[in-house]
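Subject: Structure handover

Hello,

Here is the structure for you to look at. Please open it first, then read my notes below.

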Amino acid sequence: MSAVLNGPVYADVPKPAFQPGPAGTHITIRGLTKYFAGWPLYENFDLDIPKHKIVSVFGPNGCGKSTLINMIAGLVPIDSGEILFDGKSLKDTKIGYVFQNYREAMFPWMRTIDNIAYPLKLEGKSKAEVDRRMEELVASFDVKFDLKRFPYELSGGQQQTASIMRALAPNPEVLFLDEPFSALDFEMTLFIREKLQEVFMQTGTTMLLVSH
Ligand SMILES: Nc1ncnc2c1ncn2[C@@H]1O[C@H](COP(=O)(O)OP(=O)(O)O)[C@@H](O)[C@H]1O
Ligand SMILES: [Mg+2]
């Protein structure tokens, strides 16, 4: 016979019922907990992110901004908690993600236009559908540079414009952007900010933007 001595004692507390956010909420985060090396970064964290808005997450380096959006976007696993998009799970939600470092975001062996079209091809869209969407994107971003060039032939701002176009190509419900301006100079930052704002005014895509 074996018995566990001094085993953990669990209080018989039922899990609280899921509390939906107020009307107009897009992303509901409940009881989010994340530890790194035994230390809590998030503990029982609740947040409601509104739909059709740009929400900015800001705070000093290392405070947990990237980890938060990466957990919401499913790039970093959570320890416990629940994250719902309009009541749906991530796997039933189309998202786009713009990485902090545009230099590593594009496939270097593909022309810029093929990088942008890549998610549409993954979705199995026909050539005609891809071409139509590409035309729309070029028009809404008012692209003046040659998309037939390879990413390394473009300026930083042009590469970041292309990676935002790629993220938006499949018409995601939510767009995540992790410090999208941090590798750009001041003028390029203003340019991309304006482009993002224009696209937001056209589409109303919920955007979660990390800045500091
Ligand atoms: N994979 C990891 N392993 C261990 N610690 C991590 C890991 N990722 C992030 N952290 C820690 O979590 C904290 C928050 O990191 P991060 O979310 O990248 O911050 P921010 O984006 O606000 O600068 C930091 O203290 C960082 O060192
Ligand atoms: Mg970060």
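Which residues in H1 are buried? They are Lys65, Thr67, Leu68, Ile69, Asn70, Met71 and Ile72. Keep in mind that this is a predicted model.

Helix H1 covers residues 65-72. Seven of its eight residues are buried, so helix H1 is largely enclosed by the rest of the structure.

Next, go to helix H4, which runs over residues 156-168. Find Thr161 in it. Is Thr161 buried or exposed? Its relative accessible area is 2%. The cut-off for buried is under 20%, so Thr161 is buried. What does Thr161 touch, if neighbours within four places in sequence are left aside? Its contacts are Phe141, Phe145, Phe191 and Ile192.

Now move to helix H5, residues 186-203. Lys195 is then in contact with Phe141 and Asp142.

One distance to check on screen: how far apart are the C-alpha atoms of Lys195 and Ile164? They are separated by 9.6 Å. Along the chain, these two residues are 31 residues apart.

Best wishes

Technical notes:
Residues are numbered from 1 along each chain as its sequence is written. Chains are lettered from A and ligands numbered from 1 in the order in which they are written. This is a predicted model: local features need pLDDT of at least 70, side-chain atom pairs count only at pLDDT 80 or more; totals for chains, interfaces and linings use all residues. Side-chain values use heavy atoms; hydrogens and water are left out. Buried means under 20% relative accessible area, exposed over 50%, partly exposed in between (1.4 Å probe, protein chains only). Helices (H or I, at least four residues) and strands (E, at least two) are DSSP runs, numbered from the N terminus. Contact means heavy atoms within 4.5 Å.
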